[in-house]
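Please examine the sequence and the three-dimensional structure shown below.

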Amino acid sequence: MDNQRLAGKCALITGAAQGMGAAVAENWAAHGAKVGLCDVNLDGCEEVAERIRSKGGEAIAARVDVTNRQEMAAAVRKTADAFGELNVMLNNAGINKPLMFLDVTEENFRRIMDINALGTLIGMQEAARQMVAQGRKDYPYKIINVGSILSRQAFDDVVPYACSKHAVLAMINGGAKALIEHNITV
């Protein structure tokens, strides 16, 4: 990656308390991005933010349930207020609770769909609203959604997860068409 590509950019990352979200946050911060970290695990986000700050980076943390629009909107505002704007949104939060097809329950299906699909939709919408409100039509904004090979196929023990990632793929395609006029790349 071009070491200057993220310098000065302001990014918000969901699912940032551990795993891929934390790794991306630390990598982007090392390349000069200012990062907002959000997750239902606030302690984990604070730990990642502290690691970033200890290396000279800028990071803030927020507790966010991505299925709650008010919490997501607040995290977007907090990030934009802390860093002056929002340039990049990474919708990374996601879960999987594998069950064999005949064992999938409504609760299992809804929880996976709510976090992986609805959470992505809310994150995209709230980030896009902030980006549009910033009024910089000449500026390239980015919304990145984490998908999966399972957006193209499914297996018998991950049907709800595959459904959620099919939905994310649809949001990438539809969101790209809806937001291009605002110079937002999805």
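The questions and answers that follow concern a predicted model, and they treat helix packing, then the cavity, then the pockets.

Q: How are helix α4 and helix α5 oriented, roughly parallel or roughly antiparallel?
A: Two packed helices are described by the angle between their axes and the distance between the axes. Helix α4 covers residues 106–133 and helix α5 covers residues 159–179; their axes lie 9 Å apart at an angle of about 15 degrees. Angles under 35 degrees count as roughly parallel. The orientation of α4 to α5 is therefore roughly parallel.

Q: How many residues in the contact of α4 with α5 are nonpolar?
A: α4 passes α5 in a right-handed crossing. The residues that make the contact include Phe-109, Ile-112 and Met-113 of α4, together with Tyr-161, Val-168 and Met-171 of α5. Five residues of this contact are polar and one is charged, while the number of nonpolar residues is 14.

Q: What is the orientation of α3 to α4, roughly parallel or oblique?
A: The axes of α3 and α4 are 9 Å apart, and the angle between them is about 40 degrees. To count as roughly parallel, an angle has to be under 35 degrees, and 65 to 115 degrees counts as roughly perpendicular. An angle of about 40 degrees therefore makes the orientation of α3 to α4 oblique.

Q: How many charged residues does the contact of α3 with α4 have?
A: α3 and α4 form a right-handed crossing. On the side of α3 the contact has Arg-69, Met-72, Ala-73, Val-76 and Ala-80, and these meet residues of α4 including Glu-126 and Arg-129. By class the contact has six nonpolar and three polar residues, and the number of charged residues is three.

Q: Which residues of α2 meet α1?
A: The axes of α1 and helix α2 (residues 42–54) are 10 Å apart, at an angle of about 20 degrees. The two helices are therefore roughly parallel to each other, and their crossing is right-handed. The contact divides into five nonpolar, no polar and two charged residues. From α1 it has Ala-22, Ala-25, Glu-26 and Ala-29, and the residues of α2 that they meet are Val-48, Arg-51 and Ile-52.

Q: Which elements give two or more residues to the lining of the largest cavity?
A: Rolling a probe the size of a water molecule over the atoms shows where empty space is left. The structure holds one cavity of 30 Å³ or more, and about 30 Å³ of space lies in the largest cavity. Among the residues that line this cavity are Leu-37, Cys-38, Ile-60, Ala-61, Ala-75 and Thr-79. The elements that give two or more residues to the lining are β2 (34–39), β3 (58–63) and α3 (69–83).

Q: How many charged residues does the lining of the largest cavity have?
A: The lining includes Leu-12 and Gly-36. By class, seven of the lining residues are nonpolar and two are polar, and the number of charged residues is none.

Q: Which residues of its lining are closest to the centre of the largest pocket?
A: The largest pocket has a volume of about 420 Å³. α1 (19–30) and α4 are the elements that give two or more residues to its lining. By class, the lining has eight nonpolar, eight polar and four charged residues. Of the 20 residues that line this pocket, the closest to its centre are Asp-39, Val-40, Ala-93, Gly-94 and Ile-95.

Q: What is the volume of the second largest pocket?
A: The second largest pocket is lined by 10 residues, and Arg-5, Leu-6, Val-88, Lys-142 and Ile-144 lie nearest its centre. Its lining has six nonpolar, one polar and three charged residues. The volume of this pocket is about 270 Å³.

Key: Residues are numbered from 1 along each chain as its sequence is written. This is a predicted model: local features need pLDDT of at least 70, side-chain atom pairs count only at pLDDT 80 or more; totals for chains, interfaces and linings use all residues. Side-chain values use heavy atoms; hydrogens and water are left out. Axes are lines fitted to C-alpha atoms, for helices over the stretch in contact, and angles run from 0 to 180 degrees between N-to-C directions. Helices (H or I, at least four residues) and strands (E, at least two) are DSSP runs, numbered from the N terminus. Angles under 35 degrees count as roughly parallel, over 145 as roughly antiparallel, 65 to 115 as roughly perpendicular and the rest as oblique. A crossing is left-handed if the near helix is turned anticlockwise from the far one by less than a right angle, and right-handed if clockwise. Contact means heavy atoms within 4.5 Å. Ala, Val, Leu, Ile, Met, Phe, Trp, Tyr, Cys and Pro count as nonpolar, Asp, Glu, Lys and Arg as charged, and the others, Gly among them, as polar. On a 1 Å grid over the protein atoms alone, a cavity is a set of points where a 1.4 Å probe fits but cannot get out, and a pocket is an open set with protein on both sides within 12 Å along at least five of seven lines; lining residues have an atom within 4 Å of a point. Grid points are joined across faces, edges and corners, and a volume is the space filled by probe spheres set on the points.
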